[in-house]
Amino acid sequence: MSVRLILLLSHALFALGVYGVLTRRHAIGLLLSIELILNAAALNFVLFSRAFGHVEAQAFALFIIALAACEAVVGLAIVIGLARHAHTVFADQVDLLKG
Amino acid sequence: MTPALLWIPLLPLAAFALLITCGRRLAPPVAGWVAVAALAASAGATLALAEPVLRGQRLAVRWAWLSAGDPRWALGLAVDGLSWLMLAVVTGVGTMIACYSIGYMRGDPRYPRFFAYLALFCASMLGLVLADHFLLLYACWELVGLCSYLLISFWFEKPAAAAAGRKAFITTRIGDAGLLAGILWLAWAGGTLQFDALAGLRETLSHGLLTAISLLIFLGAVGKSAQVPLHVWLPDAMEGPTPVSALIHAATMVAAGIYLVARTLPLFTPESLQVVLAVGLLTHLAAGTVALTMTDIKRVLAYSTISQLGLMMTALGLGAAALAMFHLTTHACFKALLFLGAGSVIHATHEQELGRLGGLRRAMPWTAAVFLIAAVSMSGVFPLSGFWSKDAILLAAQHDGPPWLLGALLAGAVMTTAYVFRLYLRCFHGAPAPHAGHESPLIMVLPMAVLALGAAAVGLAGSPWLAHPLLHLLGLTQIHAGIDVPILLWSTLAAAAGLWLAWSVGVRRARPLPAALRPLGTRLYTWAANKYYVDEWYQRLIIGPYLAAARGLSRFDLRVIDGAVDGAGLAGRALAVWKERFDRLVVDRLVNGTASAVRLAGAGLRWVQTGIVHQYLLVVVVAVVVVSLVLK
Amino acid sequence: MLLTWLLACPLIGMLVVLALPKTAVRAIRAAALLATGFALLLSLELLIAYQPAAAGMQFVERAPWIPPLRIFYHLGVDGISLPLVILTALLGFLACIASYSIAERHKEYFALYLLLEVGMLGTFLALDLFLFYIFWELVLVPMYFLIGIWGGGRREYSAFKFFVYTLAGSLAMLLAILALYFRAHTFDLLELAAAGRTFELGFQQLLFLGFFLGFAVKVPIFPFHTWLPDAHVDAPTPGSVLLAGVLLKMGGYGFFRIAYPICPAAAMGFGGAMACLGVINIVYGAFVAMAQTDFKRLVAYSSVSHMGFVLLGLASLTPEGLQGAMFQMVSHGVVTGAMFLLVGVLYDRTHTRELSAFGGLGARVPVYAGFLIFFSLASLGLPGLSGFIGEFLSLVGAFGVWRWQTVVSLLGIVAAAAYMLQVIQQVLLGPLNERWRELPDMTLREGLSLAPLLLVTLGLGVLPLALLEVQDGALQRLIAHVVGAR
Amino acid sequence: MTFALLLLAAMVLAGAVWVVTLRNLFRAALSLGVVLLGVAGLFLLLEAEFLAFVQILIYVGAILTLVVFAIMLTARLQGTPGTAASPASRQRVGGALAALALFAVLAGATQPLLWPEAPPAGAVPLAALGQQLVTRLILPFEVISLVFVAAIVGAIAIASGPPGGARPR
């Protein structure tokens, strides 16, 4: 079992997630990409837990999954709210942050 | 004895605090009496100190101020002969002037505030005189300047008064900056700022250093005592109420510079004394000629003050501090009197232009009488006060100065008599002017009478008849014993010549010059009447460039330094200008250029702040990568 | 626990404000006032319990926070930070009184305001570099919103400019902090100061430059000052007060607490440059102030000028110079804070800050005129008021070391009189402008927010030893530390 | 073992690429399911059985279902794919470059480090995990539950909208 290999995999997963965040226009697409990033992090935690024999690391992987669930709930609520309010689901058409 | 020392400045200060906080709740005359009472009490405390001081004692108190351990920064008050004399002048003249103001300022809407400022003015002057430490002296020095500012622009609704106050403060502050530099240098080089240690510094510091420091200190005195070239504020200060002018000219503000030089005379080297002498003499003569041409009562008096201060500086330049202080004392009496008299005239007639005044002798006999006493005293006529002090200076000039100095001072004496009698004669003699005029109330006449007594008799304290107690008090040991008859004759001759000039030229309008010299005379007269155009030169050479520099730097700040952010805007303006050229729309290209500059700058900023999440995120990711690369 | 409670006061206040409904404006104001008032009381208790004679930090609290990185929750005060802590608490309280004039979105305003106070107090209390940095940046965020939402004029532009400027400076500082950490493996300021003396000169100079950029923007030092006029002008009155009174001091404090102790050799090497920059600040600020037509802008540029004395005194590394620099910081905080309050009072009534629009107000509003004249005089350095002591001590300290710089800076003193009297003349003197015939004088609340500052200004000017004694020991040790490293 | 690893890795990578590139969101969501399953397999491989099951249960079972729901609910707003809705190519190139750079930085940071080749004997026991969760990690655990409550309340508040018709601005 190669730690380096799995690390590479998780990095790739992370980078792909970032790419998705940067390019996806659809809000749900953004959510999906963020899930990728979270999974990359969780994978790292579990990997280190195995490699160094830490219990906490697994616990934190668990927390990540829990937070991902929360994030999905809130994110989807926002998407639905947006759809109702701004009649768009494309993040780059939403510029409420603009000064 | 120590407590009495502290009470002297603290009593007027307390009066100030009382008047500024609850002055408006006091009935108007009460506010005035509070100030008078405080000043009179200070005068009493001064008198109480007379006995030990006359015995040659030096009383002092001292307390830690800027540092608990370092004795350099321990402030103190001290009184010796020199400062005691000043205390007497300030409290005495100050009390009289405050008394007079009770009548003069009646009905003014800011009556209590006037007396508050007056009390503070005297308090700071007393502090200045008592200070035993350069820092405390400087602090009071600045406070004196502040009070002059507040009082000169007391009637601030008049723009001229507001401007005059500011001019006084800023002009003297230029001198103060020199004084401050001198103090800094002294603190660094000498390691002490206490006055009783000054004589010791003469041995420890090098000659060049002493010259530099003393000249810087002298710069402070030049500003405060209105010497050339920083004299311009004093004539303008006439915009203030007349009692204020009296106070400034006699007891408080301008006396401070003379006192400072007298106090720090141990630091002055022969070279710097030469400078003092030159400045003093120049001021004496130049201001005298200007005084001859002024037609406003108060401005004549203002230039006469400058001229007399020049005379005192000349005495200081001769190293005769005691004589300068003697003249300062007598001058305080007769100049205060002259101003109060002038104020009385203005109070009665609401007119201060000489051309519209005349023949007031009948309507205002008391004022005319005291004015005459002051004028005679100022002219140096035997045996009034002015004679003794001026004669002593002439004598010193003859002994210690270059041969031409006596001649120059006698010429100054001729001018002095000429302008003061021109003033007197045109005000009180001749055909009565349309302004009826009436005698002032008792509260104003009484202080004038007291001062007239002083103007006549104070000089006796320095006369050989009483064996010079005043000069002994000031530490002068070698004194010419009797009256020097040649000098007496010379000065009487000068007074007579001045009187003749005043009568023939000032009143009868005779033309003393032969026709050939008349154009030159006219030109000289024009110059003098325009105060040698000093104000205009300052406007052109200093104030104008200063304001231009301020505006230029402000533009620089806005354009160049801020250009980092608005660089896009500048580029946009250039583009716009080019475009305008092509379109030949020359007329409004600046307007358009500015508009597009703003628009482009805005667009530039808006591009950065798109509000779109993706671009923000991209920036974040790139930043993370860059930072982590850099940190490796 | 005193220091933690001091930090907790505004924090708890913020939470209470957040918990209140946003329509309960009176309750929100009262909560904020109570929180800042308690903080002020605690800071005064600090002053009473402080022992000037004792060496080192006092009231120290130290608890591990992020142990793997050796980051501690480490608080403490000494003679350098204590005056600034009290200044912050005082201005925080008074500006809170002045915040009653805020007219919209009270809940958000006071929550952010209290957060700002937490950040400011924390910056002065932190003894851990990491903690310091967090508080330092924490200040930025509420200030950005205070300017951007409750400001006037081009508020978005100004807030953005303020944010970008400061953030850029902070990044340079962050790099220095990281470099320092990788070298010394600690964030503890006291350990870092001890370790700093052993660094070679080149490294010290790099560190110093990094910190310098961070602090220079805050002070602000020419040519990093152009955010200041914009931010001051467009910020709401309490924001301007805290900006001038406290935020600028954070930069100066950084030099005292971080740059000088950690990079002593570099600090001595750069002394000449610091003195020159100080003089440029003094003279340049004074000249540019003279040309301003906007009241607030003028006061802002006068800040640039006054902070130059801090640099000058700092560069001298003499006891008088450092005392003067610290004194000038406190005094400037009080005086300029009051000046901004006064501008705010006028602006609330007239809705203009154009100096030429006023005139002759002295007869119409005598109490206001008295306050304005008083603080203008303090600002131009009149002896007897606090501004003089700071300037004078800085000059005395610097004169022996940087002769010509000191002499040139005297020009700034003359110019200060010119522009301050210009203000008085344009606002108060001359014939009354008919537009303001009905102008009301100051209210009791406004007077209450200014009276303490007046007393402090007068008290410090007459009895400067009260403050100087507090600072003395810490500054002596700082000099010994820096000069001894040669 | 290695074979299983490689297979799962390929599965995860392919799925991830689909997630970020497929234009059709529904298919992208299904690809996410592939990724999640692959990661669950990796968890199994790393002897973290409990987590693997949690992953499948919560992620695949709950979250993914939710996402698919949302996609269907908002389907009418998506417009026809491939018309005006494609992202600007500049952003795509920039994003790819940034992601690549990030990957390079991360790999560059972790690959040279020395990793323990032989893992400690025995996996982390589930009991120990549970023990930790209710003792040492009790605070974060409770905080997470707080976050849950907040998320639910927030989601309801956002998605339900104001009671009286149109929302302000």
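Visitor: Hi! How much of chain A is buried?
Guide: Buried residues make up 60% of the 99 residues in chain A. Buried here means that 20 or more other C-beta atoms, placed from the backbone, lie within 10 Å of the residue's own; with 12 or fewer the residue is exposed, and in between it is partly exposed. This is a predicted model, in which local features need pLDDT of at least 70 and side-chain atom pairs count only at pLDDT 80 or more, while totals for chains, interfaces and linings use all residues. Residues are numbered from 1 along each chain as its sequence is written, and chains are lettered from A and ligands numbered from 1 in the order in which they are written.

Visitor: Thanks! What is chain A built from?
Guide: Chain A has 3 helices and 0 strands, so its elements read α-α-α from the N terminus. Helices (H or I, at least four residues) and strands (E, at least two) are DSSP runs, numbered from the N terminus.

Visitor: Which chains share the most contacts?
Guide: Chains A and D do, of the 5 pairs of chains in contact. There, 73 residues of chain D are in contact with 65 residues of chain A. On the chain D side, helix 1 (2-21), helix 2, helix 3, helix 4 (89-110), helix 5 (126-134) and helix 6 (138-160) each supply at least two residues.

Visitor: What about chains C and D?
Guide: No contact joins chain C and chain D; their closest C-alpha atoms lie 15 Å apart.

Visitor: Switching topic: how many residues are in the largest nonpolar core?
Guide: It has 417 residues, and those with the most contacts inside it include Ala336(B), Leu337(B) and Ala259(C). Such a core is a set of buried Ala, Val, Leu, Ile, Met, Phe, Trp, Tyr and Cys residues joined through C-beta atoms within 7 Å. Helix 14 (residues 321-349) of chain B gives the most to this core, with 17 residues.

Visitor: What does Ala336(B) touch?
Guide: Beyond its neighbours within four places in sequence, Ala336(B) is in contact with several residues, among them Val93(B), Met96(B), Ala250(B) and Leu451(B). There is also a second, separate core of 78 residues, which includes Ala61(A), Leu618(B), Ala16(D) and Leu36(D).

Visitor: Where are the cis peptide bonds in chain C?
Guide: One joins Val219(C) and Pro220(C), with omega about -10°. Another joins Phe222(C) and Pro223(C), with omega about 0°. Pro220(C) sits in the loop between helix 8 (201-218) and helix 9 (227-234) of chain C, and Pro223(C) is found in the loop between helix 8 and helix 9 too.

Visitor: Which non-glycine residue in chain B has a positive phi?
Guide: Ala226(B), at about 55°. Ala226(B) lies in the loop between helix 8 (207-224) and helix 9 (233-236) of chain B.

Visitor: Is that one buried or exposed?
Guide: Ala226(B) is buried, because 31 other C-beta atoms lie within 10 Å.

Visitor: And Glu47(D), where is that?
Guide: Glu47(D) is in the loop between helix 2 (25-45) and helix 3 (49-73) of chain D. Its phi is near 65°, and Glu47(D) counts as partly exposed because it has 16 C-beta neighbours inside 10 Å.

Terms used. Contact = placed C-beta atoms within 7 Å.
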